[in-house]
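This report describes the structure shown below.

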Amino acid sequence: AESKERVIKDRVDEYLAACKQGRHNYAAGNIRRAKDLFNLALGLELVTELDSHFDSGITSGLLRDELNSRHPGLVELSNQTVRFENILAKLEHVYEMADKKAARKPSDAESYLTMGSALCAVNEWEKAKEVYMEGIRACANNKDIVNALQRLNNLQEL
């Protein structure tokens with residue numbers, strides 16, 4: 001069995017790597033990959049929180065302490081409330097950029113995926129479906145767009 005110090009160190013390494021890669025992908029406009037990486041980071045926090053309930057000695061407090069020892073201020077920053085308006089403004093900007101790209105190059109599947117994801121993030125399910133359908137028509141049944149539409153339909157069935 002690994003020591004709890006080793007487990008915490010490894011999780012922090014994974015967490016920081018996922019966050020860094022997520023930020024780079026977000027900046028590059030690869031929203032889907034960024035989301036996956038940020039979800040990985042959140043999953044590591046969740047696993048640590050769950051571990052604390054099994055009396056393993058691994059707690060989210062230890063994870064945050066290790067994070068803070070490597071990057072002072074990061075934990076405080078992550079605890080700050082994010083203004084909802086800022087998130088909406090960023091999503092709107094991402095949508096507009098993808099929409100412009102799709103207008104210039106209608107066969108660009110990533111544009112439709114980005115627009116659909118942005119709409120899903122603000123619970124605009126029907127509009128997202130329309131964007132995905134438009135993308136399927138414009139991109140010759142692109143499998144990524146077809147899969148995104150199927151995931152959206154599956155989510156709505158829940």
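This is a predicted model: local features need pLDDT of at least 70, side-chain atom pairs count only at pLDDT 80 or more; totals for chains, interfaces and linings use all residues.

The relative accessible area of Lys 129 is 21%. Because buried requires a value under 20% and exposed a value over 50%, Lys 129 is classed as partly exposed.

When neighbours within four places in sequence are left aside, Lys 129 is in contact with Leu 149, Leu 152, Asn 153 and Gln 156. With one of these residues, Asn 153, the contact is polar: the side chains of Lys 129 and Asn 153 approach to 3.3 Å.

## Packing of helix 6 against helix 7

Two packed helices are described by the angle between their axes and by the distance between those axes. For helix 6 (residues 109-121) and helix 7, the angle is about 170° and the axes are 8 Å apart. Since an angle over 145 degrees counts as roughly antiparallel, helix 6 and helix 7 are roughly antiparallel to each other.

On the helix 6 side, the contact is formed by Tyr 112, Leu 113, Met 115, Gly 116, Ser 117, Leu 119 and Cys 120. These residues meet Trp 125, Lys 127, Ala 128, Val 131, Tyr 132, Glu 134, Gly 135 and Ala 138 of helix 7. By class, the contact of helix 6 with helix 7 comprises ten nonpolar, three polar and two charged residues.

## Asn 25 in helix 1

Asn 25 is found in helix 1, which covers residues 4-27. Its relative accessible area is 18%. Asn 25 is therefore buried, as this value falls under the 20% cut-off.

With residues up to four places away in sequence not counted, Asn 25 touches Asn 30, Ile 31, Arg 33, Ala 34 and Leu 37.

## The chain as a whole

The protein chain contains eight helices and zero strands. From the N terminus on, its elements run α-α-α-α-α-α-α-α.

The chain has 158 residues, of which 29% count as buried. Its accessible surface comes to about 10400 Å², and 54% of that surface belongs to carbon and sulfur atoms. Among contacts between residues at least 6 apart in sequence, 47% join residues at least 24 apart.

How values were computed:
Residues are numbered from 1 along each chain as its sequence is written. Side-chain values use heavy atoms; hydrogens and water are left out. Buried means under 20% relative accessible area, exposed over 50%, partly exposed in between (1.4 Å probe, protein chains only). Contact means heavy atoms within 4.5 Å. A polar contact is a pair of N or O atoms within 3.5 Å; within protein, one must be able to donate a hydrogen and the other to accept it, and residues adjacent in sequence count only if both atoms are side-chain atoms. Helices (H or I, at least four residues) and strands (E, at least two) are DSSP runs, numbered from the N terminus. Accessible areas come from the Shrake-Rupley method with a 1.4 Å probe; for residues, only the protein chains shown count as cover. Axes are lines fitted to C-alpha atoms, for helices over the stretch in contact, and angles run from 0 to 180 degrees between N-to-C directions. Angles under 35 degrees count as roughly parallel, over 145 as roughly antiparallel, 65 to 115 as roughly perpendicular and the rest as oblique. Ala, Val, Leu, Ile, Met, Phe, Trp, Tyr, Cys and Pro count as nonpolar, Asp, Glu, Lys and Arg as charged, and the others, Gly among them, as polar.
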